[in-house]
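This report describes a structure in plain terms for a reader who is new to such models. Please look at the sequence and the structure before reading on.

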Amino acid sequence: MKTFRLILIYCLLIIGGLIMAFPFFWMFISSLKTAAEVNTTPPTFWPQRLMFENYVYAFSKAPFLTYFKNSLIVVGSSVSLTMLTTILAAFAFSRLKFPGRDFIFSASVGMMMVPFEMLIITNYTTIVKIGLMDTLTDLILPFTSSIFYTYILRNFFFSVPDSIYWSARVDGATNWRYLWRIMVPMAKPALATIALLNAIVSWNSFLWPLIATNTTAKRTLPFGLYAFMSASGIRYERLMAAATIVVVPMIILFILFRRYIVEGVSRGGLKG
Amino acid sequence: MQIVLEDVTKRFGATVAVDGLSVTLEAGKLTAVLGPSGCGKTTILNIISGIVPLTSGRVFFNDVDVSRKPPEKRSIGLVFQNYALYPHMTVLQNICFPMEMQKVPKRERLARVEELGELVQIQSLMKRKPSELSGGQQQRVAIARALAKRPEVLLLDEPLSNLDAKLRLGMREEIRRIQRESKITTVFVTHDQEEASSIADDVILLKEGVLQQKAAPRMLYNEPENLFVADFLGTPPINKLAGKISNGQILLDGSEIAFPLETEREMREGQEIVLAVRAESVFAGGEPLFEGTVLERYALGKDELVLFSVGREQQMRGFVSAGCPLQEGEKFPVALRKTGVFLFDAHSGERYA
Amino acid sequence: MRKSKAEAEQKQIFFGEPLLYLLPFLIGLLIFTVYPFLNALLISFKENYNLMTGAFTGFGWGSYSRIFSDANFINGLKNTALYVLIVVPVSTVLSLLAASLLNQKVKLSGLFQTAYFVPMVTSVVAVGLVWKWMFNYDYGLLNYFLSFFGLAKINWLNNPAYNLPALIIFGIWNKMPLTIILLLAGYQNINPQYYVAARVDGAKPRNIFFRITLPLLAPTIGLTLVVNTISSSMVFMELFPLFNGNPGSAYSLYTIVYYLYDMFYNQWRLGLAAASAVVLFLIVMVLTIIQLYIQRNWQNY
Ligand SMILES: Nc1ncnc2c1ncn2[C@@H]1O[C@H](COP(=O)(O)OP(=O)(O)OP(=O)(O)O)[C@@H](O)[C@H]1O
Ligand SMILES: [Mg+2]
């Protein structure tokens, strides 16, 4: 009875896992097929000949290397800037005392309800007016202050006992030194979680690049992929190769840091 | 360094944590701050360290008013109840941190760590993280870190309360030894009267933020200034017999027992009093004041105690020797010694004898 | 109560400092969140607003009355509601099943978790293209599977009647990972003593699930329902890979956010874009308040 139940659980788990992960398998398999093999019935579940040329084609027909580089720059800078503003603000909100602290904090948290789509109208004008339209900077700047991450980090900072802070102060540390020598090293797991969530959201960002860039040279991967589809027509083996390029870095990130990511998501959900 | 608190008051909203406290802590001595939970011990320590700003009053270190100096400028070392070691740093880094903040050169730092490691005996633990240490070891590291920058005052907030009973005794002696060797002015917060008595040169006893008495432990035990002090110290707790003054004599409630007692001050006829008697000040025979009936006999450590009734309503405890033949239910004559017997006003707690 | 001089002075030491720590965060927040939010509210009431010059002809409810008489917006509301009403419950039920499986003590749980969760971290555009390929009429996998059961091929992406179902299937798959994670966290918050007690009392597994697990999980389920309702109300990006950036093959699959985007980006009618944004905001706000309410009650467990 017990083994039967266990077998059933494994079967269901495997079936479910296959369904959830299947599109990724299919994407990868299709990306290695020839054009003829892609369009055959019944479909084949393993390529007859490995067509790595599809990847070569994608890289040669569209500047995926540039997209990749842009994505890395945008993700790298926006994650580091966001971490910086988040650490400083979370520290002020959790440890420093000043008039209006709780009001400013609650008001900020209230702003979390505003959907990003509502902001693009004005942000677009702002970007144009300060002359940043179609630059990588404009892909970074609007996302350097995250209420959500500040909120999470503030809660973590709150959980650090007062006695640690006062020990450090008595030991002669200023607030600034305390923050960087004690608080930040202690918050490493929380910071890693935040950085990972932020990197995922930033890497996959599509709407803002669609609106705020208009030349090929400034595109990031998801928008680049979409543009590639519009430009080079529907050739699924090539599209799948391009999609694989976009998806693989995040899959690797997820496999490496699954614990952090799942932990972070279960605490607050994935938000921009 | 001598620490003087001058009319120090601290309010948190409506609660008065410390109320008009004026006291002097002698240089080079170990002073214990003692009192029940919530009486303001931690608050006093935090006022001395500068963590908690004063509501009113002043704090002097050797005639220098430090009331407005932030903690880092007060030359103090602080050990919290939970030790507050930096969890991401090794023992070595923890101890070095205060010196790093003072920009002490690395060679000097390491020499000092060596010295402190020897003093608190943690030489072999330098590479470990706090999570890999036992409570007692963490405690030593915390003391070493507090002493690292050669503070003039060492403040300890219930440093032993997280340790098990046996370790507590050992660490108590250890702290005493470290204090003697370093001759640093030390303030030690505790709610354990026995701990305070065994470790301190002086004890400050508090109740609800108000100073009750400051004296050497012996003094506090032998000459309590009020009922609270008498009651707070001693194991088993002091016997308290309620009564009143009747015809110039003490008449115990619920009995016809009456006897005279010499007082320093005049007493009113009918004044309600408490006669407080230490358990070791009770004995059988001699010149008995009244008769007691043994209710129970039990052991307390190596000693034996009898619980006996006094009149119809009251009870008290007394030590007896192991060879004493008293049995439960037996009546015996009760006498009191000259020491360890006090008379207090029942309402104000003031001492009359 | 009057603060003493000493207290005030000690505070003053730290006074200017907090602002320096907050400034980088606040500047970004004010420029790119607070200001655009207020501005969108304002624009929604301006008549004939020109985004670049800032010119407008007066204040009024014009934009609102126009969007509510615009068939595309009404269509967007309807599609969004339908999408939410199907995607949210279905993905919740499936996720509940998956979470209760993943919650079992099994070997290789890391591998299973990876398989179940990975859609969450991958680009909607990229995986949307895969689904587009699987929805393909002639050679798509889905139609191939339908043929197993003797069913006719479906023109998922080019027959307007099947556009919404396609979007919904993709949506369910896409929403599941987050839902599973939240539910799994809910599972792990249940005190195992309840189960021990139930087993001691001789309860059967089925009874345990319905009498203990489900009630204790109810707040988490409530939470996932709201979280998913909020994110599903913003369905939009999925249209790009599936329908080449159009609202369905016959322009009949508008959603609220697509309408907003369309008015802003394609039609340049900013009053309407802003008004639809405000409507979206109000929907999100109401849902968030419900979410907070659930979370507060959750603390009681
Ligand atoms: N930050 C604060 N805000 C409000 N009230 C406080 C604060 N700190 C202490 N109090 C109050 O002041 C009083 C004294 O507190 P304190 O911590 O000094 O007591 P304590 O003697 O150290 O007690 P314990 O033995 O439990 O540590 C208590 O009534 C406490 O509730
Ligand atoms: Mg305390």
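## The shell around ligand 1

The shell around ligand 1 holds residues of three kinds: 3 are nonpolar, 5 are polar and 2 are charged. The model is a predicted one, and the values below are computed from it.

The residues around ligand 1 belong to chain B: B:Phe12, B:Ala17, B:Ser37, B:Gly38, B:Cys39, B:Gly40, B:Lys41, B:Thr42, B:Thr43 and B:Glu158. Which element gives the largest share of this shell? The answer is helix 1 of chain B, residues 41-49, which supplies 3 residues.

Most residues other than glycine have a negative phi, and most peptide bonds are trans.

B:Tyr83 sits in the loop that runs between strand 6 (76-79) and helix 2 (91-101) of chain B.

The other case is the peptide bond from B:Thr235 to B:Pro236, which is cis with omega near -10 degrees. B:Pro236 also lies in a loop, here between helix 8 (227-232) and strand 11 (239-246) of chain B.

## The second largest pocket

Rolling a probe the size of a water molecule over the atoms shows where empty space is left. The second largest pocket has a volume of about 1,300 Å³. Its lining is made up of 28 residues, and those nearest the centre of the pocket are A:Arg5, A:Ile9, C:Ser100, C:Gln104 and C:Pro205.

Which elements supply at least two residues each to this lining? In chain A it is helix 1 (2-31); in chain C they are helix 4 (71-102), helix 8 (160-189), helix 9 (192-200) and helix 10 (205-233). Helix 1 of chain A gives the largest share, 7 residues. By kind, the lining of the second largest pocket has 18 nonpolar, 5 polar and 5 charged residues.

## Chains A and C as a whole

Chain A has 15 helices and 0 strands. The radius of gyration of chain A is 23 Å, whereas a compact globule of 272 residues would have one near 19 Å. Along its principal axes, the C-alpha trace of chain A spans about 75 × 70 × 30 Å.

Chain C has 13 helices and 2 strands. Why is chain C described as more spread out than a compact globule? Its radius of gyration is 25 Å, well over the 19 Å that the globule rule gives for 301 residues, so chain C is more spread out than such a globule. The C-alpha trace of chain C spans about 65 × 65 × 30 Å along its principal axes.

Key:
Residues numbered from 1 in each chain as written. Chains lettered and ligands numbered in written order. Predicted model: local features only at pLDDT ≥ 70, side-chain atom pairs only at ≥ 80, totals over all residues. Heavy atoms only, no water. 1 Å grid on protein atoms, 1.4 Å probe; cavity = no way out; pocket = protein on both sides within 12 Å on 5 of 7 lines; lining within 4 Å. Points joined across faces, edges and corners; volume = space filled by probe spheres on them. Helix = DSSP H or I, 4+ residues; strand = E, 2+ residues; numbered from the N terminus. Nonpolar A, V, L, I, M, F, W, Y, C, P; charged D, E, K, R; others polar. Near = heavy atom within 4 Å. Rg over C-alpha atoms; globule rule 2.2 N^0.38 Å.
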